[in-house]
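Student: I would like to learn how to read a structural model feature by feature. Could you take me through one?

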Amino acid sequence: MSLTAWILLPLVGALIGYVTNTIAVTMLFRPHRPRRLLGLTVQGLIPKRQPDLARKIGAVVGDHLVEPADLRAALERVDLRPMVQGLLDQALEEKLGELSKLPMIGAFLTPDRLAGIRDGLVEAVLRHRDTIGEHLGQALDEGFDVHRIVEEKVAGFPTERLERLVLEVARRELVAIELWGAVLGGLIGLLQVLVLELIA
């Protein structure tokens with residue numbers, strides 16, 4: 001077997017391996033829209049299967065990763081005091097601003113008295129924190145469908161952006177797949193030369 005064959009066959013194998021793996025990696029996402037090519041409709045794997053992927057991801061997230069119980073537990077850790085105080089301050093300011101124009105009531109509603117009313121209301125609300133948590137938990141159970149929300153978000157996510165995200169995270173691994181195609185192709189070319197050498 002000539003030296004040219006020992007060089008040429010591994011090089012051709014490496015080139016074929018690299019090109020086929022590059023095409024395979026590219027076709028994960030491209031083309032984003034269906035295209036006609038040689039009488040066949042071609043589309044990237046992920047864009048083509050996006051609705052199925054959305055369903056599966058929604059099921060995994062909704063059934064295993066984020067459950068209403070997790071959201072309820074997160075709500076229980078929230079400090080309600082600043083939120084309730086802020087809402088009451090806003091509500092009292094709007095309502096009592098009107099009442100303070102009345103002579104008798106305006107004299108009674110001093111800033112200290114208003115602060116006392118607000119603090120009393122905040123404490124009253126916070127004493128019923130468990131009941132509020134139960135009601136919020138029931139509302140989450142009935143109206144917060146994680147499965148559906150995630151499915152809709154993934155199904156509507158532009159595949160161009162998804163491709164950019166994947167490339168940002170896994171570019172080195174994808175390049176490694178392409179290079180491994182070249183290495184394996186080169187080894188197969190070398191093996192072909194060895195086989196031909198043994199046969200000849």
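Predicted model: local features only at pLDDT ≥ 70, side-chain atom pairs only at ≥ 80, totals over all residues.

Student: Let us begin with the fold. How many helices and strands does the protein chain have?

Tutor: The secondary structure of the protein chain comes to ten helices and two strands. Read along the sequence, the pattern is α-β-β-α-α-α-α-α-α-α-α-α.

Student: What share of the residues in the protein chain is buried?

Tutor: Of the 200 residues in the protein chain, 20% are buried. Buried here means under 20% relative accessible area. As for contacts in the protein chain, among those between residues at least 6 apart in sequence, 72% join residues at least 24 apart.

Student: Take Gln-50 in H3 as a case. What is it in contact with, leaving aside its neighbours within four places in sequence?

Tutor: Gln-50 is buried, with a relative accessible area of 11%. With those neighbours left aside, Gln-50 is in contact with Val-154, Ala-155, Phe-157 and Thr-159. Thr-159 is found in helix H10 and is buried as well, with a relative accessible area of 4%. Not counting residues up to four places away in sequence, Thr-159 touches Phe-29, His-32, Arg-33, Pro-47 and Gln-50.

Student: Next, the nonpolar core. Which residues make up the largest one?

Tutor: Look for buried nonpolar residues joined through side-chain atoms within 4.5 Å. In this model the largest nonpolar core has five residues: Leu-80, Val-84, Leu-88, Val-122 and Leu-126. Helix H5 (80–99) and helix H7 (111–127) each supply at least two residues of this core. The largest share, three residues, comes from H5.

Student: What does Val-122 contact, leaving aside its neighbours within four places in sequence?

Tutor: Val-122 is in contact with Arg-81, Val-84, Gln-85 and Leu-88, once those neighbours are left aside.

Student: Arg-118 is also in helix H7. Is Arg-118 buried or exposed?

Tutor: Arg-118 is buried, with a relative accessible area of 18%. The C-alpha atoms of Arg-118 and Val-84 are separated by 9.4 Å, and the two residues are 34 residues apart along the chain. Ala-115, another residue placed in helix H7, counts as partly exposed at 30% relative accessibility. From Ala-115 to Gln-85, 30 residues apart along the chain, the C-alpha atoms are separated by 10.0 Å.

Student: Which residues line the second largest pocket?

Tutor: The lining consists of Thr-22, Val-25, Thr-26, Phe-29, Arg-30, Glu-163, Leu-167, Arg-171, Leu-174, Val-175 and Glu-178. Helix H1 (3–26) and helix H10 (159–199) each supply at least two residues of that lining. H10 gives the most, with six residues. By class, the lining has five nonpolar, two polar and four charged residues.

Student: Glu-163 is in the lining of that pocket. How does Glu-163 count by relative accessibility, buried or exposed?

Tutor: Glu-163 lies in helix H10 and counts as buried, at 10% relative accessibility. Leaving aside its neighbours within four places in sequence, Glu-163 is in contact with Phe-29, Arg-30 and His-32. The C-alpha atoms of Glu-163 and His-32 are separated by 9.7 Å, with the two residues 131 residues apart along the chain.

Definitions and conventions:
Residues numbered from 1 in each chain as written. Heavy atoms only, no water. 1 Å grid on protein atoms, 1.4 Å probe; cavity = no way out; pocket = protein on both sides within 12 Å on 5 of 7 lines; lining within 4 Å. Helix = DSSP H or I, 4+ residues; strand = E, 2+ residues; numbered from the N terminus. Nonpolar A, V, L, I, M, F, W, Y, C, P; charged D, E, K, R; others polar. Buried < 20%, exposed > 50% of the residue type's maximum accessible area, 1.4 Å probe, protein only. Contact = heavy atoms within 4.5 Å.
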